[in-house]
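Hi everyone, thanks for coming. Let me put the model up, and then I'll talk you through its cores and its salt bridges.

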Amino acid sequence: VDYDLHDNHNLSLSSSLIVENRVGEDPFGSRLEDGEDVLSIPSKYTRNITGLGWNAKFLNGKLKNTLTAKHYGLSASALVNFVLDTIDAEPEIILDINNSNFGIGNSIKYEVNPSLFFRFSYEYATRIPETREYFGDGQFITPNVELRPETSHNVNTGFYKGFGKGNYSIDVNGFYRYVQENIFLRSNIGGIGRFLNLEDLRVRGVETTIRGKVIEAVSFVASVTLQDIRRFYLDPGSALENSRLPNVPFFFANANLRYGKQNPLGSEGKFEVYINYSFVEKYHLTPIPKAQESPLFGAVSAINNLLIPTQHVVDVGCTYKFSKPELWLNLEVNNLLNNEVFDNFRVPRPGINYRIKLRYLLKRNN
């Protein structure tokens with residue numbers, strides 16, 4: 001709901017309600033000690049986020065300010081003390097949980113001219129756990145309805161600059177986050193995992209995006225992100241205090257080059273060919289002390305070789321849009337160089353692979 005107070009002042013009210021109830025059966029799935037199917041025990045989840053915002057313009061529209069306040073409401077119930085394949089497990093019970101949090105934020109944007117603006121924002125936010133984090137999946141992730149919402153102080157600041165008669169632009173953003181009750185997937189013996197509230201985090205980083213149009217038909221986008229995620233307030237005397245959060249990359253980059261042409265060879269359509277390149281610097285699979293961390297682009301010591309290696313991935317593809325009928329045909333080759341690629345738990349992802357995608361528009365709304 002939006003309401004205009006004035007030409008330069010506006011109020012907005014929003015509310016998002018999610019209700020999920022889960023019950024089911026799996027004849028080959030996990031069982032409790034008495035043989036009962038885990039999925040047969042109902043799990044309930046209700047989340048409501050309500051926000052009120054005030055949008056204002058000053059200095060003839062050059063200065064824009066948005067002030068927001070939010071309420072985060074949660075109600076959930078599910079099985080707890082559920083441990084797979086454990087003889088001495090505690091009795092399973094159903095736990096009901098209710099949680100209420102508030103948040104506030106403000107963002108400022110100052111436009112010097114159409115080609116240059118600066119921005120700054122702060123938010124105290126809450127991240128309510130998702131149903132998968134609360135309920136698990138009945139197989140490899142056990143439920144934890146005792147999870148507490150994650151809260152964070154978030155600061156962003158940066159600028160945008162366009163140049164070259166609008167054909168090029170650079171967007172730079174610096175960010176800082178202080179996260180409490182961090183929610184993280186922790187694996188246990190036997191490959192079974194559980195989402196837990198772990199230590200606090202401090203996140204500092206910068207991200208840069210450059211866009212450009214070399215000629216009318218050729219454009220590019222390149223982005224680089226460097227982030228430092230550190231763990232704090234571990235057990236007293238822990239060697240991992242101020243260590244980097246594992247399983248999360250700290251330096252990565254992407255680039256895209258695209259060529260597009262209208263009405264190729266005299267036909268009524270559009271042809272595009274593109275190439276994507278992504279780079280992820282190596283990062284550690286398990287937590288290690290800060291003094292033993294491998295440097296950016298540096299060698300890894302022999303005692304700390306349990307990591308996700310540096311990854312280079314190249315994808316190429318082309319798309320043709322027919323005018324009549326309105327049909328899109330996309331051909332793509334992923335991981336063209338057939339390099340080794342992994343997810344953040346060092347599980348291998350596909351080598352070179354191919355994809356064909358068709359899209360047909362049945363009806364266009366006028």
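Let's begin with a definition: a nonpolar core here is a set of buried Ala, Val, Leu, Ile, Met, Phe, Trp, Tyr and Cys residues joined through side-chain atoms within 4.5 Å. Buried means under 20% relative accessible area, exposed means over 50%, and partly exposed is in between, with a 1.4 Å probe and protein chains only.

A quick word on where this comes from. This is a predicted model, so local features need pLDDT of at least 70 and side-chain atom pairs count only at pLDDT 80 or more, while totals for chains, interfaces and linings use all residues. Residues are numbered from 1 along each chain as its sequence is written, and side-chain values use heavy atoms, with hydrogens and water left out.

Now the cores. The largest nonpolar core has 15 residues, and Y45, L74, A76, Y134 and V145 have the most contacts inside it. At least two of its residues come from each of β4 (63–80) and α1 (131–135); helices (H or I, at least four residues) and strands (E, at least two) are DSSP runs, numbered from the N terminus. The top contributor is β4, with four residues.

Have a look at A76. Leaving out residues up to four places away in sequence, A76 touches K44, Y45, L95, D96, I97 and V145, where contact means heavy atoms within 4.5 Å. There is also a second, separate core of eight residues, with F175, L198, L201 and I229 among them.

On to charges. How many salt bridges does a search of the whole structure find? It finds 17, each being a side-chain nitrogen of Lys or Arg within 4 Å of a carboxyl oxygen of Asp or Glu.

Here is one to click on: E293 and R230 meet through their side chains at 2.7 Å, N to O. E293 sits in the loop between β15 (283–284) and β16 (307–308) and R230 in strand β12 (residues 218–232), so the pair ties together parts that are 63 residues apart in sequence. E293 is buried at 16% relative accessible area, and R230 is buried too, at 7%.

K282 and E281 form another salt bridge, with their closest N and O atoms 3.0 Å apart. Here K282 is buried at 9% and E281 is buried at 2%. Salt bridges with shared partners also link R204, D228, R230, R244 and E293 into one network.

Finally, E216 and K213 make a salt bridge at 4.0 Å, N to O. E216 is exposed, at 69%, whereas K213 is partly exposed, at 33%.
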